[in-house]
Amino acid sequence: MKKLFTLATVLMLGLSAFADDFNLYYDSTEGQGNKIESVSNLQKLTFEEGKLVITLKDGTSKSLPTAGITRLFFNTETAVGIKDVEETTADKKGEVYDLTGRKLNIDLNSEKLPKGIYIIDGQKVLVK
């Protein structure tokens, strides 16, 4: 289990494009959402003698007893995903996709879209 967790952690740390936005947190038996460090400052995570050892890029390290950790996770303080959804009444003539990325065979000139959020010509469209 530790090897699987370590592999997942290494893969997550490899996503340096998002490193500035994400932080490493842990939940413990005493509380939830305790911030450990920004992912951009992390160099290595290891498990040694019942402790989680966090090595930072500046060479310093922190350690936490693993016995009290109930969950270890990455999170961001800023929202990610769809930022704006705009309502429009203009006629669209492009390709229509649902939010799962499936292309819908809909002729926008002759069919009315059911209520929902769609991607039309690369723009998010809300149909009320």
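Analyst: This is a predicted model. It holds 1 aromatic pair. Tyr-25 and Phe-73 form that pair, and it is stacked.

User: Why is the pair of Tyr-25 and Phe-73 called stacked?

Analyst: Two values settle it. The ring centres of Tyr-25 and Phe-73 are 5.7 Å apart, with 15° between the planes.

User: Which parts of the chain does the pair link?

Analyst: Distant ones. Tyr-25 lies in strand S1 (residues 22–28) and Phe-73 in strand S6 (residues 69–76). The two residues are 48 apart.

User: Are Tyr-25 and Phe-73 buried or exposed, and how do you know?

Analyst: Buried means under 20% relative accessible area. Tyr-25 has 10%, so Tyr-25 is buried. Phe-73 has 15%, so Phe-73 counts as buried too.

User: What sits over the ring of Phe-73?

Analyst: The charged end of Arg-71, 3.9 Å from the ring centre. The distance part of the cut-off is within 6 Å, so this value passes.

User: How do you know that S1 and S6 pair?

Analyst: Pairing needs at least two bridges. S1 and S6 are joined by 7, so they pair, and they run antiparallel. One of the bridges has Asn-23 partnered with Asn-75 in S6.

User: What makes S2 and S6 edge strands?

Analyst: The open sheet has 3 strands in the order S2-S1-S6, with antiparallel pairing. S2 (34–38) and S6 each have a single partner strand, so one side of each is left without a neighbour in the sheet. From one strand to the next, the twist averages 25°.

How values were computed:
Residues are numbered from 1 along each chain as its sequence is written. This is a predicted model: local features need pLDDT of at least 70, side-chain atom pairs count only at pLDDT 80 or more; totals for chains, interfaces and linings use all residues. Side-chain values use heavy atoms; hydrogens and water are left out. Rings of Phe, Tyr and Trp (its six-membered ring) pair if their centres lie within 6.5 Å; planes under 30 degrees apart count as stacked, over 60 as edge-to-face and the rest as tilted. Helices (H or I, at least four residues) and strands (E, at least two) are DSSP runs, numbered from the N terminus. Buried means under 20% relative accessible area, exposed over 50%, partly exposed in between (1.4 Å probe, protein chains only). A charge sits over a ring if NZ of Lys or CZ of Arg is within 6 Å of the ring centre and within 35 degrees of the ring normal. Axes are lines fitted to C-alpha atoms, for helices over the stretch in contact, and angles run from 0 to 180 degrees between N-to-C directions.
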